[in-house]
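Here are a few friendly notes to read alongside the model.

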Amino acid sequence: MNPEPFLQLDRVIHEKGRLAIMSMLAASPELSFTELRDALGMTDGNLTTHIRALQEEGYVSVAKSYQNNRPLTTCSLTTPGRKAFAEYINLLEQIVRQNKPR
Amino acid sequence: MNPNWAEENLQTIRTLMERSAVYRRALAPIMLFAGTMGVLTATIGIWSQQFWSLQDSMQVFGTLWLGTAAIVVAGAFLTARRQAIKDKEHFWSPPTRRVGQALLPALSAGMFLGGLFTFVGLTNAITLTFIWLFFYGCALHSAGFFMLRGMKCFGWIFIGLAAVTASVLCFLNITRPLAFPASNIAITAHLLMGFFFGVLHLAYGAYLYLTEKRKNAA
């Protein structure tokens, strides 16, 4: 098996929790913090840590606003984040193809 | 290293992307619209039976509900499309296409049998109601593989409640035409349709609406 695609996988996205966040955001223009938390069954602290890691990498942008006088935190993928996610999926597909019996 | 991990990761990604796609957010208004139409049609159906004492009730029943189904499908399509335009998303995205493909076999079978029985008159309105309920439950359950987990439960609720109600009605011999006048059969069928397609959709729509509202208020 050629280990090349595996070595190229983005380590930031490859973590299970962050991959789930990226997947949800890739199919939606933006999602609120609570939507992400409830859909993924994460704790507030866990989700905050993962979002911060993705934000530091420049993959996710976080916006804070108000809705009905309540603070609303929304997350969305940035252009580099979308590109990195597409690249990650391409590499996964390559690995799947390699593993398939010929 | 497990050789299937990459495939499993891709499957997880696909499932998560499907769950956050546009039709999910349009589901509450679609359910509320379908429920309102269901209650409205049942009311019109019962009212027309009582005031006009229609003899050919099977044709009236089938035409009325097939017409309502067409309006609800068109309304659902427009609602999801409007939501997609509002959110600047593709309407006919791969996740939406998969939900459509999952719904189509059972829905078309139900529509086909409905049309056939309505115009040939092979059965009565109550039997047709249960045929529709079972097919609709199966359609929702299939769609549940590509959307909210609650959708599978909603499909099972249709199938389970329809089975219980059908058993009770058979036990009471209500479906025997000789024991039950034609207009009563149609009224019972309208009541069943009103409850299942009206009240159940309204309840699920209200549940989705309230839970979504709570989720959005951080």
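1. Helix α7 of chain B (residues 150–171) has 22 residues, which at 1.5 Å a residue should span 32 Å, and its end C-alpha atoms are 31 Å apart, in agreement. The expected span is 1.5 Å times one less than the number of residues; helices are DSSP runs of H or I with at least four residues, strands runs of E with at least two, numbered from the N terminus.

2. The buried residues of α7(B) are B:M151, B:F154, B:G155, B:F158 and B:A162. They cover an arc of only 100° around the axis, so they lie on the same side of α7(B). The face turned away from that buried side carries exposed B:G160, B:V164, B:S167, B:V168 and B:F171. Buried means 20 or more other C-beta atoms within 10 Å of a residue's own, exposed 12 or fewer, with C-beta atoms placed from the backbone.

3. A word on provenance: this is a predicted model, with local features needing pLDDT of at least 70 and side-chain atom pairs counting only at pLDDT 80 or more, while totals for chains, interfaces and linings use all residues. Residues are numbered from 1 along each chain as its sequence is written, and chains are lettered from A and ligands numbered from 1 in the order in which they are written.

4. Chain B as a whole has eight helices and zero strands. Of its 218 residues, 37% count as buried.

5. In chain A, helix α3 (residues 16–26) packs against helix α5 (residues 44–56) at about 75°, with axes 10 Å apart. That makes α3(A) roughly perpendicular to α5(A) (65 to 115 degrees).

Conventions:
The arc is that of the directions from the helix axis to the C-beta atoms. Axes are lines fitted to C-alpha atoms, for helices over the stretch in contact, and angles run from 0 to 180 degrees between N-to-C directions. Angles under 35 degrees count as roughly parallel, over 145 as roughly antiparallel, 65 to 115 as roughly perpendicular and the rest as oblique.
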